Amino acid sequence: MQRQVSRSQLEEANTNRACTVTDSSLPPTAMVGGLEEGVSSSGHVGPMPFKDLAGVQEQDDEQDMSTPREDDEYAGIISALPSATNRFRGLCQYQGAWMLHRTVAGVISVQRRFVPRPGGGDVLLASPPKCGTTWVKALSFATMARAAYPPSAGDHPLLRLNPHDCVPSMEDLFGAGREAQMEVLPSPRLMHTHMHHPLLPPSLAHNPDCKIVYVCREPKDMMVSLWHFTKAIVTSGGRTYSFSDVLEWTCEGKSPYGPFWDHLLGYWRASKATPERVLFLKYEEMLADQVGTIRELARFLGVPFTTAEEAAGLPLDIAKLCSIDTMRGLDANKTGKSWQFFKFPNESFFRKGVVGDWVNHMTPEMARKVDAIVEEKLRGSGLTFTS
């Protein structure tokens, strides 16, 4: 049964999240303020599935999330932005980044309205589109919420919900005027963005109490994944895009949340300047050592695995739960739609999940073109990719 939690319960739990549980007989999922949720021995409330929040599903059903908030102030800003002239219609450039017109309002709203949760209450997942977003959401949620939701449990939220239903997209919520729902989330809040690092509000980008986990992917594989994803979306005019189209736009920097090299460099430099606040992950390295990545993620987020958890095999349990083979086979990911602003078919988030699939789509000339751009744009940064 889907568990819904009210605002009053969560507010009471958040009030008590810094308290210490003195009764050693209480289990990790003890009651805090009347809320049975992810409570550790230190009394902290962990993440819970966003869709389980009372009222979220009802508002999803009642509100057309494909329609951004109407805001005259934002409309004036957006109408004056440069627009892309390629076939990917609807792209405009805001503060150096290309994005769909309908997402700009959400980005501006995040910049102006986001209020940080004090005391280490925010964890931001960030990524370019089609670079492991779904996977890092699943891994982060399962790792952070393991006290309340053991990864081997038969009723784990990720067995009934798409990862995007567990971790909300900030700019989508803010763009729909639903930022108040962020305040209802228990601490630590787990959220996601595709925004470039320089576009983040200082309350996120430079907040010592906020942790940022960034995941990226080898650019050629990213382009292949983006093309397959666009094929799953029905365009308003019935347009179709060839792989050559997607490659051309991405190489020009005029793809959603492009240029991809600026996206990479923003978080890469932030991770080098403040490694204690920004964790930079590569999809290929994550796939090569999944359990090691989960341990690294847990340490970075301040919830390292205990000796007992290691002995019980929790890191491996999380890797199995969040594997693409497991998630792709779940009924929740075979039907329905997810995301907050746009509704994408759940099955479109799970394709191959492999490294090097670009060789099946690119000619040698295409590959050389992409590699040359990557080398030029990343030169001197220390950031490299292995094809």
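Mentor: A residue is called buried under 20% relative accessible area, exposed over 50%, and partly exposed in between (1.4 Å probe, protein chains only). The model is predicted, so local features need pLDDT of at least 70 and side-chain atom pairs count only at pLDDT 80 or more, while totals for chains, interfaces and linings use all residues. Residues are numbered from 1 along each chain as its sequence is written, and side-chain values use heavy atoms, with hydrogens and water left out.

The 15 residues of α18 reach 21 Å from the first C-alpha to the last, close to the 21 Å expected at 1.5 Å a residue, where the expected span is 1.5 Å times one less than the number of residues.

The buried residues of this helix are M366, A367, V370, I373, V374 and L378. Viewed down the axis of α18, they fall within an arc of 130 degrees, so they line one face of the helix; the arc is that of the directions from the axis to the C-beta atoms. As background, an α-helix has 3.6 residues a turn, so residues three or four places apart point the same way. On the face of α18 turned away from its buried side are the exposed residues P364, E365, R368 and E375. The buried residues pack against α10, α11 (243-252) and α12 (260-273), contact meaning heavy atoms within 4.5 Å. Just after α18, G380 takes a positive phi of about 85 degrees.

D371 is partly exposed, at 32% relative accessibility. Its side chain meets that of K220 in a salt bridge of 2.7 Å, N to O. The term salt bridge requires a side-chain nitrogen of Lys or Arg within 4 Å of a carboxyl oxygen of Asp or Glu. K220 itself is buried, with a relative accessible area of 0%.

E218 also belongs to this picture. This residue sits in the loop between β7 (210-216) and α10, and E218 is buried, with a relative accessible area of 4%. Its side chain makes a polar contact of 2.8 Å with the side chain of K220; such a contact is a pair of N or O atoms within 3.5 Å, where within protein one must be able to donate a hydrogen and the other to accept it, and residues adjacent in sequence count only if both atoms are side-chain atoms. Not counting residues up to four places away in sequence, E218 touches E284, W358, D371, F385, T386 and S387. K220 therefore has a salt bridge to D371 and a polar contact with E218, and K220 is the residue with a relative accessible area of 0%.

For context, the salt-bridge rule gives a count of 10. Another of these is formed by R295 with E310, the closest N and O atoms being 2.8 Å apart. R295 lies in α14 (residues 290-300) and E310 in α15 (residues 307-312), so this pair ties together parts 15 residues apart in sequence. R295 is partly exposed, with a relative accessible area of 32%, and E310 is partly exposed at 29%.

Terms used:
Helices (H or I, at least four residues) and strands (E, at least two) are DSSP runs, numbered from the N terminus.
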